[in-house]
Amino acid sequence: MIAGIGIDVVDLDRFERSIRRTPALVERLFAESERGRSPRSLAARFAAKEALIKALGGHAVLRWQEMRVVQDADGNPGFEVTGGLAAHLDALGIDTLHLSMSHDAGIASAFVVLERSGGAGG
């Protein structure tokens, strides 16, 4: 059963200006393993994290570094479900996360779907 859906878009030029103007944003918003990526890739990851927050209903209980975007062996994006994110998802009974990201035409976008398979959680 779908438990949450979130979408977000990020203006690439605005995002690049923000991280150029305030380089500490990269350390605040991204886990160490995410930081070496291009500004376009970081913008897509930021959109993914915002989409996840929206899918969770706007809960701001997670820290940005706890929402780490990773890729599987085939290059498909997803979230590393550990720490605070794992605990929060478990409390809500969420057992599957789907993530799609893209960047084109001056924007980065991300779409998140959360699934719950049973009656556990909220």
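Predicted model: local features only at pLDDT ≥ 70, side-chain atom pairs only at ≥ 80, totals over all residues.
Helix axes are taken here as lines fitted to C-alpha atoms, over the stretch in contact, with angles running from 0 to 180 degrees between N-to-C directions. The axes of helix α1 (residues 12-21) and helix α3 come within 10 Å and cross at roughly 105°. Angles of 65 to 115 degrees count as roughly perpendicular, and α1 and α3 are therefore roughly perpendicular to each other. On the α1 side, the contact is made by Leu12, Phe15, Glu16 and Ile19, which meet Pro39, Arg40, Leu42, Ala43 and Phe46 of α3. Sorted by class, this contact of α1 with α3 comprises seven nonpolar and two charged residues, with no polar ones.

Across the whole structure, a search finds three aromatic pairs. One of them joins phenylalanine 15 to phenylalanine 30 in an edge-to-face arrangement, at 6.5 Å centre to centre and with 85° between the planes. Because phenylalanine 15 lies in helix α1 and phenylalanine 30 in the loop between α2 (24-29) and α3, this pair ties together parts that are 15 residues apart in sequence. Phenylalanine 15 and phenylalanine 30 are both buried.

Phenylalanine 15 also pairs with phenylalanine 46, this time in a tilted geometry, with 6.0 Å between the centres and 35° between the planes. Here the link is between distant parts of the chain, with phenylalanine 15 in helix α1 and phenylalanine 46 in helix α3, 31 residues apart. The relative accessible area is 7% for phenylalanine 15, so this residue is buried; phenylalanine 46, at 17%, is buried too. Taken together, Phe15, Phe30, Phe46 and Trp64 form one aromatic cluster.

Further along helix α3 (residues 39-55) sits isoleucine 53. Its relative accessibility is 17%, and residues under 20% count as buried, so isoleucine 53 belongs to the buried class. The C-alpha atom of isoleucine 53 is separated by 13 Å from that of leucine 29, a residue 24 positions away along the chain.

Turning to the strands, β4 (residues 96-104) and β5 (residues 107-115) pair in the antiparallel sense, over nine bridges. Within this pairing, histidine 103 has alanine 108 of β5 as its bridge partner. The two strands, β4 and β5, form a hairpin with two residues between them, and alanine 105 in the turn has a positive phi of about 55°.

Key. Residues numbered from 1 in each chain as written. Heavy atoms only, no water. Helix = DSSP H or I, 4+ residues; strand = E, 2+ residues; numbered from the N terminus. Buried < 20%, exposed > 50% of the residue type's maximum accessible area, 1.4 Å probe, protein only. Pairing = 2+ DSSP bridges. Parallel < 35°, antiparallel > 145°, perpendicular 65-115°, else oblique. Contact = heavy atoms within 4.5 Å. Nonpolar A, V, L, I, M, F, W, Y, C, P; charged D, E, K, R; others polar. Phe/Tyr/Trp six-rings, centres within 6.5 Å; stacked < 30°, edge-to-face > 60°.
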